[in-house]
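I opened this notebook to record what I looked up in the two-chain model, entry by entry. My first interest was the contact between the chains, and after that a handful of single residues.

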Amino acid sequence: MDAGLREPSFYFVKAIAILDNDGNRMLAKYYDDSFPTAKEQKEFEKNLFNKTHRANGEIIMFEGLTCVYKSNVDLFFYVVGSSMENELILASCLNAFYDSISEILRKNVEKRALLDNLDAVFLAADELCDGGIVLESDPHQIVQRVAIRNDDIPLGEQTMAKVLQSAKDQIKWSLLK
Amino acid sequence: MLSLKRDKKEEEEGGGNPFYNLEKSAVLQEARTLNDTPIDPRKCGHILTKLLYIINQGENIGQNEATKAFFAMTKLFQSNDPILRRLVYLGIKEMSKIAQDVIIVTSCLMKDMKGKEEFRGPAIRALCSVTDSTMLQSIQRYMDEAIMDKGPAVASAALVSALHLGKGSHEVVKRWVDAANAVATSENPMVEFHALCLLYHVLKNDKIALFKLVSKSRKFRSPYSYCLQIRIAAKLIEREDAGSNSELFDFIESCLRHKSEMVIYEAAQAIVQLKNTTAKDLAPAVSVLQLFCSSPKPTLRFAAVRTLNKVAIKHPAAVTACNLDLENLITDVNRSIATLAITTLLKTGNESSVDR
């Protein structure tokens, strides 16, 4: 405040991350050079996790950055921005992030499901934010853009349909031969 | 010790986590099988996911290894599997900074950015990650078309990519000003926001143009657009030393009545940060912050009390009206909020409030 207003910026997000209940990284994306090396990044994540995993807040000032977070079962979702950033913008990104992952995992937000759908989770993170600019803040849009892949989400019926389809294909091809 | 713990967990879960203890060398070795024909999309997709995982874990991949994996990956363009294709784009983006001769994928990506709808946005973003300044000329026209595309995913991808390409260089981004202007009134909130970002980036140093950009009294669709607009307006007021009589200040003040909390808060924050504000100018901003103090959302309470804390440094009197609300926050479950409330009260409180 003393230094006057900062230059207007549309790079709202500095980093997003998903950690497990031991503070290990499931996914992390850093959009600027606040933490240039992997070592510094992981240290930041560990410290952030230690500060937040028991506190039932939703927001914390940490190492001069504003971090909003949300947890479920054994996963922790974080969105990090500068200390000057509008906290509500960060919160809107966090919600988009969480809700889209939740939809991809069929409301089953836990580590196992996340690892089983890691490819879709990577794609969702990529659709959420590009280089610090929020690309899409509507979780449905994000899922829709990733959802060309919904045949990959293991769901009883779909898998069954797939098996049938491939069996049909095989028979067809063997007849055509 | 940590790995022991994990092993145990893995046994418990039966089958365990396929991604733990992945060796970089093993994954890179496996990545060579991407060269095999025919392509098995499921298997290759899994290998790519592993590769993305170790990169995301921060593994250091050497230039040679990265280049080998990158070239193996380019073979996958032969497959039309949508999942696989998207993972390849991600891989290209991750590897483009480490591998050599990444330009090799340019023509494949340019084909995709004109191809199937679902590939276009991601293909543009991947393309721009491998493009350098010498190739800008050749992609300019396609980018123009993409920005004005009807699909919001395509337009947003192109606008954001243009911004990344022009990081630090106005000359580069300038090429796309006309296209951005054309979509600045887009029906899609995100496209509108990204177009505004691009216009602002180019016009940053042109005071008159910026003024026009802000004072255009039109309705935006995206709250993000309003936030950026408020930031630009506040900066202009400060630069011009305009004070609260200007049209720009009126714009910011009108945003205090917006329906989105995000915009209201951005406006309040801007007003309290301006230098030459009188107590009268501050009052409406402080009263919305006061309202936010009793919100059920911790983020909103945090934002409000943090801003009030800043106001209290310069204008303690303006915050006194909120003392009661601040006192309620002392016992907030979020410790950051409680701490901020206490430090704010120390600046504004007096003897009478100590008793309560």
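**Ground rules.** I noted that this is a predicted model, in which local features need pLDDT of at least 70 and side-chain atom pairs count only at pLDDT 80 or more, while totals for chains, interfaces and linings use all residues. Residues are numbered from 1 along each chain as its sequence is written, chains are lettered from A and ligands numbered from 1 in the order in which they are written, and side-chain values use heavy atoms, with hydrogens and water left out.

**Interface.** How many residues does the contact take from chain A and from chain B? I found 62 residues from chain A and 66 residues from chain B, where contact means heavy atoms within 4.5 Å. The two chains bury about 5900 Å² between them, with 56% of it on carbon and sulfur atoms; buried area here is the accessible area (1.4 Å probe) that two parts lose on being put together, summed over both.

I then looked up the polar side of the contact and found 24 residue pairs in polar contact between chain A and chain B, both residues at pLDDT 80 or more. A polar contact is a pair of N or O atoms within 3.5 Å; within protein, one must be able to donate a hydrogen and the other to accept it, and residues adjacent in sequence count only if both atoms are side-chain atoms. On the side of chain A that touches chain B, the residues divide into 28 nonpolar, twelve polar and 22 charged, with Ala, Val, Leu, Ile, Met, Phe, Trp, Tyr, Cys and Pro taken as nonpolar, Asp, Glu, Lys and Arg as charged, and the others, Gly among them, as polar.

**Salt bridges.** The whole structure holds 25 salt bridges over all chains, and eight salt bridges are found across the interface of chain A and chain B; the rule asks for a side-chain nitrogen of Lys or Arg within 4 Å of a carboxyl oxygen of Asp or Glu.

A:Asp126 pairs with B:Lys93, the closest N and O atoms being 2.6 Å apart. A:Asp126 is buried at 14% relative accessibility and B:Lys93 is buried at 18%, where buried means under 20% relative accessible area, exposed over 50%, and partly exposed in between (1.4 Å probe, protein chains only).

A:Glu127 forms a salt bridge with B:Arg86, with the closest N and O atoms 2.8 Å apart, and this pair crosses from helix H4 of chain A to helix H5 of chain B. Helices (H or I, at least four residues) and strands (E, at least two) are DSSP runs, numbered from the N terminus. A:Glu127 is buried at 4%, and B:Arg86 is buried at 2%.

A:Glu127 also forms a salt bridge with B:Arg125, at 3.4 Å between the closest N and O atoms. Because A:Glu127 lies in helix H4 of chain A and B:Arg125 in helix H7 (residues 117–130) of chain B, this pair joins two chains as well. Salt bridges that share partners join A:Asp126, A:Glu127, A:Asp130, B:Arg86, B:Lys93 and B:Arg125 into one network.

**Chain A.** Chain A has six helices and seven strands, and 55% of its 177 residues count as buried.

B:Lys207, in helix H13 (residues 207–215) of chain B, is partly exposed at 41%, and its side chain makes a polar contact with that of B:Glu240 (3.5 Å).

A:Val73 has a positive phi of about 45 degrees although it is not a glycine, and A:Val73 is exposed at 66% relative accessibility.
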